[in-house]
Every structure is written in C-alpha cells, then in structure tokens.
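Please follow, paragraph by paragraph, how the copies in this model are related and how neighbouring copies meet. The terms are given their cut-offs as they come up.

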6 protein chains.
Amino acid sequence: MSDQITLIPGNSLNTKTPEEGRQLAVKMARLSIKLTQPDAAARERMRPVYAEDAAMLISIGQTVALEFATIARANNYWR
Amino acid sequence: MSDQITLIPGNSLNTKTPEEGRQLAVKMARLSIKLTQPDAAARERMRPVYAEDAAMLISIGQTVALEFATIARANNYWR
Amino acid sequence: MSDQITLIPGNSLNTKTPEEGRQLAVKMARLSIKLTQPDAAARERMRPVYAEDAAMLISIGQTVALEFATIARANNYWR
Amino acid sequence: MSDQITLIPGNSLNTKTPEEGRQLAVKMARLSIKLTQPDAAARERMRPVYAEDAAMLISIGQTVALEFATIARANNYWR
Amino acid sequence: MSDQITLIPGNSLNTKTPEEGRQLAVKMARLSIKLTQPDAAARERMRPVYAEDAAMLISIGQTVALEFATIARANNYWR
Amino acid sequence: MSDQITLIPGNSLNTKTPEEGRQLAVKMARLSIKLTQPDAAARERMRPVYAEDAAMLISIGQTVALEFATIARANNYWR
C-alpha cells in the first residue's frame with residue numbers, strides 16, 4: 001500500500017466556488033480509494049461492478065457528502 | 001466517468017427557504033450518482049431496484065440528510 | 001419521481017420543543033423516502049419488511065439521528 | 001405507526017453529567033425504533049437476533065454515537 | 001438489557017491528550033455494545049467473527065471515528 | 001485485544017498541511033483496525049479481500065472522510 005500518492009490535489013481545501021468544492025470532494029473520495037487499491041487495473045475491473053449497483057452508487061454519494069461537508073466549512077460555505 | 005456535469009445547480013448553497021434547501025440536497029445527491037454513472041439508461045434500469053428496496057430507500061434518505069446538514073448550515077438555518 | 005411533494009412540513013426547522021423537533025426529524029426522514037418512492041401502495045408493501053428487520057430499524061434510527069442533529073442545531077438546542 | 005409515543009424523555013436534551021447524556025442517547029435511539037415498530041412483542045422477537053449479531057451491535061453503537069454527539073453539544077460538553 | 005453499567009468511564013469527556021481521547025472513544029464504543037449485549041460470553045463468541053471480517057473491522061473503525069469527533073471537540077482539540 | 005498500541009501518531013491532531021492531515025486520517029483509521037485485530041498476519045490475509053471489494057473500499061473511504069473532518073477542524077482548516 002503506497003502512501004506516496006497525493007491525497008489532496010493542490011494541498012488545499014480552498015476553492016473559488018461550491019462547484020469546485022464539490023469536484024474536490026469527489027477527487028478526495030477517489031484518492032482515498034486509490035490509496036487502498038493502488039493498482040489501476042484492479043480499480044478498472046471494479047468500475048462496472050459499482051456503476052451498475054444501486055447500493056454502491058448510494059454509498060459513494062454518502063462519501064462525497066461527507067467530504068463536501070468538510071470542504072464547505074473550510075470555505076465558510078462560500079458566503 | 002465525466003467530471004463535466006454540473007454538481008451543484010446554480011453553483012451556490014444559498015436558498016430562500018428550508019424547503020428549497022431540501023430540494024437542493026436531493027438534487028446534489030442525485031448529481032453525485034450521475035457523476036459516477038453518467039449513462040441515463042443504466043440509472044433508469046436501477047430505479048425499480050432501489051424504489052422497491054426498503055434498505056436502499058433508507059440509505060438514500062441518509063444521503064439527503066447528510067447533504068441537507070451542510071446546506072442548512074450554509075444558510076444559517078434560515079433563522 | 002415527483003419533486004412536488006412537500007419535503008419540510010411548515011417550511012421551517014424551528015420547533016417549540018425538543019420533542020417536536022424529533023417529530024419533525026421523523027417526518028423529514030419519511031418525506032425523503034416518499035420523494036423517491038411516491039407510490040403509497042409500494043411503500044405500504046415494504047412496511048412489514050422493514051418493521052420486522054432489525055438491521056433496517058437500526059438504519060432508520062440512524063437517519064432520524066442525522067436529521068435531528070440539524071434540527072437541534074437550528075433551534076440552538078432549545079436552550 | 002403511532003406518532004403518539006414520547007420520543008425524548010423529559011422533552012429536554014439537558015443532562016447533569018456525560019453519563020446521563022449517554023443514557024439519554026441510548027433511550028432516544030430505542031424510542032426511534034419503537035416509533036417504527038410499536039409492537040413490543042415484535043421488538044422482543046428481534047432482540048436475540050441483533051444481540052447475537054456483531055454487525056448489528058456495531059450499527060447500534062453508531063446510532064448511539066450519533067445521538068450522543070447532539071446531546072453532548074446541547075450540554076456544551078459538560079465543561 | 002441492563003442500563004446499570006457505566007457508559008462513560010470517569011463520567012467525563014475530558015482527557016489530557018489526543019491519545020487518551022482516542023482510548024476513551026474506543027472504550028465508549030465498546031461500552032455501547034456491552035449495554036446491548038451484556039452477556040460477556042456472548043460477546044466473546046462474537047470476537048473471532050468480527051476480528052476476521054474486514055467489513056466489520058471497518059465498521060468498528062467508523063464508530064470510533066464518530067465517538068472521537070465528539071471527544072475531540074469536547075477537549076477543544078487539545079489545542 | 002491490546003490497548004497498548006499507539007492510536008494517534010505523535011499524540012497530536014496538528015499537521016502543517018491538509019495533505020499531512022489526510023495522511024494522519026488514514027493512519028488513525030488503520031490504527032483503529034489494528035487495535036481490534038492486533039494480529040498482523042490476520043490483517044494481511046484480509047487485504048486482498050477488501051482491496052478487491054468495491055463496497056469495502058467505499059466504506060474505508062467513508063472512515064477516512066470521518067477522521068479527516070475532525071483533523072481538519074482541529075487545524076482550523078489550515079486557513
């Protein structure tokens with residue numbers, strides 16, 4: 001398991017807009033998975049599994065919601 | 001997986017009312033899923049699966065609750 | 001999937017008491033599910049399924065806890 | 001499904017100590033389940049199921065943690 | 001189900017260090033489970049089940065993370 | 001179950017950067033699992049199980065998101 005990959009692109013939680021904050025949430029969620037499963041081919045094999053599984057899609061959505069909560073707060077909700 | 005879709009309609013977490021905030025939470029939850037499964041036909045095939053599955057309906061409800069927590073806070077709870 | 005149903009009764013997170021806040025949490029959790037499965041008969045068919053399933057009852061309880069966290073905060077914990 | 005049961009004993013989130021706050025968290029978690037499954041005999045039948053199932057015990061623990069987070073904050077962490 | 005067991009050792013969320021706070025999180029998570037399953041022999045029988053099950057180990061980790069979030073905040077993050 | 005292992009490396013939630021905070025989140029999540037399953041060989045046997053299981057990878061990602069939320073707040077979001 002390699003800990004050398006970048007986990008937070010740009011090493012910052014700051015984004016200009018909510019949309020960019022949401023994109024960062026998605027990227028951070030994906031990079032967590034990449035850290036645990038660094039083999040790109042293995043991740044590619046799993047894609048058709050989760051992309052056709054409603055329960056997993058919902059679960060991925062929960063992860064994005066959790067990451068976004070932190071990013072939104074870091075940006076003071078872009079008020 | 002396309003990252004080009006809009007993840008937050010209007011690029012803002014601000015809404016006039018709690019009801020609109022809740023609707024935004026639902027939309028954001030759905031757009032997360034659309035990002036992971038961009039094929040509309042595939043999402044349509046899954047609808048009867050989750051709509052008849054109590055466990056998945058509950059899980060979707062948890063996602064909405066998580067998204068709403070962030071939106072409610074962004075709007076200072078519409079106080 | 002109809003988005004026309006009311007998701008937050010009274011369009012407010014304010015309640016007079018913690019008990020009423022908890023009742024609102026339960027209603028909001030149920031209305032999320034109603035949005036995803038608007039067919040009352042389908043929801044009725046699922047009731048004996050989740051009401052006899054310990055794992056689903058626990059999961060419903062988690063949803064209520066999540067919704068209540070937001071409502072309690074919106075009401076400054078009724079201090 | 002009866003909404004007439006009490007969901008928050010004493011209609012308050014205030015407790016004198018963390019221990020009492022934790023007990024309230026447990027009670028609130030149980031009362032959520034009672035609301036969804038008001039039949040005491042049905043709940044009793046499920047007890048040996050979840051009490052011997054490690055996954056469900058863990059899940060109950062997560063619910064208590066979620067409820068307690070709100071109660072602890074309501075009490076300003078008993079500082 | 002006995003409610004007489006201690007749920008929070010020392011009846012306080014205050015700890016001197018993050019490490020002690022994390023240990024308290026683990027203890028609180030275990031005491032929740034003990035409350036629901038007070039039979040030590042039953043808990044002992046489940047140990048080899050969850051200790052060899054990756055999904056349950058992950059789930060226990062989520063519980064500890066939730067408990068720790070509350071404890072860390074109670075201690076103002078030991079700043 | 002040994003409680004003697006270190007649960008928080010450096011006994012601090014402070015990190016210089018978001019990236020280091022994320023790495024700490026990952027370490028804390030792993031150390032929770034190590035506490036429950038202290039046998040390194042057993043953990044090693046489970047690795048190919050969760051690394052090839054999309055649902056478990058998602059679940060690990062949720063744990064990291066939860067731990068990171070606390071760490072990010074402890075560091076005032078590295079603002």
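Contact here means heavy atoms within 4.5 Å. With that rule, only 17% of the interface residues of chain B are also interface residues in chain C, so the copies meet through different surfaces. The contact takes 29 residues from chain B and 31 residues from chain C.

Some conventions apply throughout: residues are numbered from 1 along each chain as its sequence is written, while chains are lettered from A and ligands numbered from 1 in the order in which they are written. The model is a predicted one, in which local features need pLDDT of at least 70, side-chain atom pairs count only at pLDDT 80 or more, and totals for chains, interfaces and linings use all residues, and side-chain values use heavy atoms, with hydrogens and water left out.

Chain B is laid on chain C by a turn of 60° and a shift of 0.0 Å along the axis, with an RMSD of 0.0 Å, and B:Leu66 is the residue of chain B that comes closest to the axis, at 7.1 Å (C-alpha).

Returning to the interface of chain B and chain C, the buried area (the accessible area, with a 1.4 Å probe, that two parts lose on being put together, summed over both) is about 2700 Å², and carbon and sulfur atoms give 60% of it. On the side of chain B, the residues that lose the most area to chain C are B:Glu19, B:Arg22 and B:Ile58, together 22% of what that side buries.

B:Arg22 also takes part in a salt bridge, a term that requires a side-chain nitrogen of Lys or Arg within 4 Å of a carboxyl oxygen of Asp or Glu. Its side chain meets that of C:Glu67 at 2.6 Å, N to O, and the count between chain B and chain C is two salt bridges. The elements of chain B that give two or more residues to the side touching chain C are α1 (18-36), α2 (40-51) and α3 (54-74), helices being DSSP runs of H or I with at least four residues, numbered from the N terminus. The largest share of that side, 14 residues, comes from α3(B).

What does the contact of chain A with chain F look like from the side of chain A? The contact takes 31 residues from chain A and 29 residues from chain F, and the area buried between these chains is about 2700 Å², with 60% given by carbon and sulfur atoms. There are two salt bridges between chain A and chain F, and in one of them the side chains of F:Arg22 and A:Glu67 meet at 2.6 Å, N to O. On the side of chain A that touches chain F, α1 (18-36), α2 (40-51) and α3 (54-74) of chain A each supply at least two residues, and α3(A) gives the largest share, 10 residues.

How values were computed. Least-squares fit on C-alpha atoms with pLDDT ≥ 70 in both.
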